[in-house]
Amino acid sequence: MFAILKKDFFSLFNNVVGFIFIAVNMAFYGLYFLANNLLSGSPSISATLGGVLLIMLITTPLLTMRTFTEERKNKTDVLLLTSPVSVSRMIIGKYLAMVLAFSINTVLIALSIFFLRIFGKVSFKESFVALLGFWLFGCVCLAIGTFVSSLFESQVLAAIITEGVLLLAYMMSAITGMSKSGNFVTKILGSFDILSPYNNFGNGMIYLSSVVYDLSLVFLFLFLTAEVILKRRWTISRKKILTSTFSLTAIVLCFAMVILANVGITKIPEAYQTLDLSSNKYYSLTKATKKYLKNLDSDVTIYCLSTKDKCDVAVRHTLSLFNANKHISVQYIDPDLNPTFANKYTKESLSEGSLIFENTDNQNTDTCPYYMLYSNSNDSYTLYSYAQQSGASYDKVYVQTADGYDAEGQILSRLQKVNSAEIKKVYQLAGHSEVELGKAETNYLSKKNLTLETLNLRTDAIPDDCCLLILNGPVSDIGTDELDL
């Protein structure tokens with residue numbers, strides 16, 4: 001096996017194939033790296049790698065199209081088929097040669113992470129988790145290409161078919177997403193989605209299910225490759241019928257093993273099959289939240305207006321952490337099948353992915369729109385107004401962008417609200433041209449389940465339910481009577 005690995009690896013670089021593969025990938029990676037990291041200042045290469053995935057679909061056939069087709073073209077496949085090396089070892093040797101070449105490309109990408117350190121703080125863990133997902137994605141593509149190469153004698157045909165299969169698998173998430181109903185056919189097609197597992201690595205999270213999925217696909221396609229080679233070896237044998245029967249049984253058993261492995265891993269609670277390596281530990285519960293959940297004594301149901309498959313990966317993981325508590329139950333409601341479900345709890349129009357909270361003991365309810373699960377900030381920039389070119393004037397435009405993940409805080413806030421019997425109020429002094437509270441302050445008060453109202457002490461006294469009185473930048477003087485109050 002090592003001899004085959006060594007021969008195939010050096011043959012990649014004895015001609016220009018290996019160099020072209022690395023050069024093309026690194027050229028496009030460099031462009032994305034320049035735009036996302038050097039110019040935009042992103043401390044993680046996760047988004048950069050996401051842009052290179054499509055390029056991988058184009059460059060992978062450069063390595064795989066010659067794996068077996070060249071052997072058949074040069075009539076050297078007979079030597080391999082009659083050699084004392086088993087078919088499985090031969091295939092693994094050839095496959096590992098390509099993986100080793102691809103790993104060189106991955107190592108070069110890894111060096112760019114350390115290069116970023118020159119300019120400031122870098123999210124090393126998030127970047128290397130994304131790089132792990134990228135490497136597994138590449139290994140899956142190489143396994144698929146190896147299988148396709150074993151089916152054809154023409155390198156060009158093998159490259160085109162590989163390209164088509166990889167592109168179809170890459171787009172499978174979008175294709176299955178067009179179907180509103182999760183029928184059997186959609187689920188079967190969704191099992192060949194190679195993009196979603198990579199996306200799970202993009203947030204700095206290692207999902208055991210994604211690792212198992214990628215490795216199982218590698219195993220499946222290498223096994224199918226072995227069956228194709230074995231079929232050719234035994235075609236003219238007297239045992240043709242028996243061998244065919246055995247191959248069919250082996251293939252069915254292989255598919256069954258892959259399915260059982262992937263289904264079995266999903267039975268493990270998501271909270272116990274993930275590793276949070278994000279820089280700010282966004283996807284792990286804080287000590288304060290764990291302490292609150294430990295003392296929780298009321299049963300609360302959290303409804304997510306989405307199917308589990310379509311739910312935001314990060315939100316789904318956070319919900320699984322809360323769902324681990326015996327008093328909290330998370331249920332996914334398909335908004336397409338239940339379009340009026342949210343109307344029982346609120347008059348507000350909730351988008352897909354929003355959450356509804358219901359305390360089954362005291363019947364208190366509350367909602368959390370999806371957009372609030374991500375903290376937002378208003379970024380301002382100057383935009384030239386085409387309608388006012390003659391005056392060369394500029395309009396100030398504010399764009400709301402997500403700058404953080406706040407699902408834990410929002411969920412905890414709603415849990416506290418539906419479990420609380422009292423409503424606390426905060427009043428802001430009015431009548432002196434006070435400055436309005438900013439968005440950060442109002443969001444903080446809302447998150448603490450505090451109701452904000454205005455209070456004019458010239459006409460009203462301080463209410464008994466006032467737990468906090470805010471004086472925010474009054475312009476005119478406060479009267480003596482007001483000060484006494």
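Leaving aside its neighbours within four places in sequence, with which residues is I194 in contact? In this predicted model, contact being defined by heavy atoms within 4.5 Å, I194 touches F137, V140, C141, L166, A169, Y170, Y213 and L217. The model is a prediction in which local features need pLDDT of at least 70 and side-chain atom pairs count only at pLDDT 80 or more, while totals for chains, interfaces and linings use all residues. Residues are numbered from 1 along each chain as its sequence is written, and side-chain values use heavy atoms, with hydrogens and water left out.

The chain has 485 residues, of which 43% count as buried; buried means under 20% relative accessible area, exposed over 50%, and partly exposed in between, with a 1.4 Å probe and protein chains only. Its secondary structure comes to 18 helices and eleven strands, where helices (H or I, at least four residues) and strands (E, at least two) are DSSP runs numbered from the N terminus. Of the contacts between residues at least 6 apart in sequence, 75% join residues at least 24 apart.

I194 also belongs to the largest nonpolar core, which has 63 residues. A nonpolar core is a set of buried Ala, Val, Leu, Ile, Met, Phe, Trp, Tyr and Cys residues joined through side-chain atoms within 4.5 Å. The members that touch the most other members are I45, L49, I91, Y95, F134, F137 and I194. Helix 6 (residues 87–116) supplies the largest share of this core, 13 residues. A second, separate core of 26 residues includes Y207, L355, F357 and L415. In soluble globular proteins, nonpolar side chains tend to be buried together.

Two residues of the second core, L355 and F357, lie in strand 5, on one side together with N359. Strand 5 (residues 355–359) is largely enclosed by the rest of the structure, because five of its five residues are buried.

Two strands pair if DSSP finds at least two bridges between them. Strand 3 (residues 300–304) pairs with strand 5 in the antiparallel sense over five bridges, and C304 stands opposite L355. Strand 5 pairs with strand 6 (residues 365–368), again in the antiparallel sense, over four bridges, with F357 opposite D366. Strand 5 and strand 6 form a hairpin with five residues between them, and Q363 in the turn has a positive phi of about 65°.

S354 is placed in the loop between strand 4 and strand 5 and counts as buried at 0% relative accessibility. Beyond its neighbours within four places in sequence, S354 is in contact with Y303, C304, L305, C368, P369 and Y370. A polar atom of the S354 side chain lies 3.0 Å from the backbone nitrogen of Y370.

A disulfide is a pair of cysteine sulfur atoms within 2.5 Å, and by this rule the count is zero. For C139, the closest cysteine sulfur is that of C141 at 9.3 Å, too far for a bond. C466 is in no disulfide either, the nearest cysteine sulfur, that of C467, being 6.4 Å away. C139 is buried, with a relative accessible area of 4%.

E422, in the loop between helix 16 and strand 9 (424–429), is exposed, with a relative accessible area of 53%. E422 and D465 are 43 residues apart in sequence, and their C-alpha atoms are 10.0 Å apart in space.

Note on methods. Polar contact = N/O pair within 3.5 Å; in protein donor to acceptor, adjacent residues only side chain to side chain.
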